[in-house]
Amino acid sequence: MILLAVPAVTLAADAVAFVNISRVMEQSPQTEALFKQLEREFSPRESELVAERDALREMQQRLERDAEIMGSDERSELQREFRNRSREFQHNQEMFQEDLNSRRNEELARVQRLVQSVILDIAQRDELDLVVTERTVVYASDGVDITGRVLEELRRRHESSGG
């Protein structure tokens, strides 16, 4: 009985494929384009934050350096301005991070849907019975690994979309 099951397992193995989703997400041109787009979109805000951070450092250094020679009103005003700008800076920095994370997650979800679609297309075209990812596999031989084919198809689609 056990010997009869062996050929069935061997046949089923031919209809199984493996995809390394992590590698696909790291190496796909869509992901690369996504990060370039996010950089273009968010770099002006990031530059503003860097400039404000530098201004705050300078203000803090002035407070530390000149505190003793400043009048109490001038020192109090500078400290108040520093506290207010620091709070505003922290708020702006948190909002920037939230916006960036939200956009990145939104766009990564879009790329993940495309990757799933490509995997399904390949699976249907090759009449695969099962496609597994690294999250569920301890070992996969190169013979069943279709990660390269998925990346190839993603590159082809990226190029044909003018990306």
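Mentor: Let us begin with a definition: a nonpolar core is a set of buried Ala, Val, Leu, Ile, Met, Phe, Trp, Tyr and Cys residues joined through side-chain atoms within 4.5 Å. Buried means under 20% relative accessible area, exposed means over 50%, and partly exposed lies in between (1.4 Å probe, protein chains only). The model is predicted, so local features need pLDDT of at least 70 and side-chain atom pairs count only at pLDDT 80 or more, while totals for chains, interfaces and linings use all residues. Residues are numbered from 1 along each chain as its sequence is written, and side-chain values use heavy atoms, with hydrogens and water left out.

Trainee: Which residues have the most contacts inside the largest nonpolar core?

Mentor: They are V19, V24, V115 and V150, in a core of 28 residues. Two or more residues come from each of β1 (16-19), α2 (21-27), α3 (29-66), α4 (72-125) and α5 (147-160). The largest share, 11 residues, is given by α4. These elements are DSSP runs numbered from the N terminus: helices are H or I with at least four residues, strands E with at least two.

Trainee: With which residues is V115 in contact, leaving aside its neighbours within four places in sequence?

Mentor: Contact means heavy atoms within 4.5 Å. On that basis V115 touches I21, V24, M25 and L154.

Trainee: What makes α3 and α4 roughly antiparallel to each other?

Mentor: Axes are lines fitted to C-alpha atoms, for helices over the stretch in contact, and angles run from 0 to 180 degrees between N-to-C directions. Angles under 35 degrees count as roughly parallel, over 145 as roughly antiparallel, 65 to 115 as roughly perpendicular and the rest as oblique. The axes of α3 and α4 cross at roughly 170° and come within 10 Å; the pair is therefore roughly antiparallel.

Trainee: Why is α3 called oblique to α5?

Mentor: Their axes lie 8 Å apart at an angle of about 50°, which makes α3 oblique to α5. In this contact P29, Q30 and A33 of α3 meet L154, R155, R157 and H158 of α5.

Trainee: How do you know that R85 and E52 meet in a salt bridge?

Mentor: A salt bridge is a side-chain nitrogen of Lys or Arg within 4 Å of a carboxyl oxygen of Asp or Glu. For R85 and E52 the N to O distance is 2.9 Å, so the pair qualifies. This bridge links distant parts of the chain, with R85 in helix α4 and E52 in helix α3, 33 residues apart. A search of the whole structure finds 16 salt bridges.

Trainee: Why does R85 count as partly exposed, and why does E52?

Mentor: R85 has 24% relative accessibility and is therefore partly exposed; E52, at 23%, is partly exposed as well.

Trainee: Is E153 buried or exposed, and with which residue does E153 form a salt bridge?

Mentor: At 12% relative accessibility E153 is buried. Its closest N and O atoms with R156 are 2.5 Å apart, in a salt bridge, and R156 is partly exposed at 46%. A salt bridge also joins R157 to E153 (3.0 Å, N to O).

Trainee: What separates R157 and E153 along helix α5?

Mentor: They are separated by about one helical turn, because they are 4 residues apart in helix α5.
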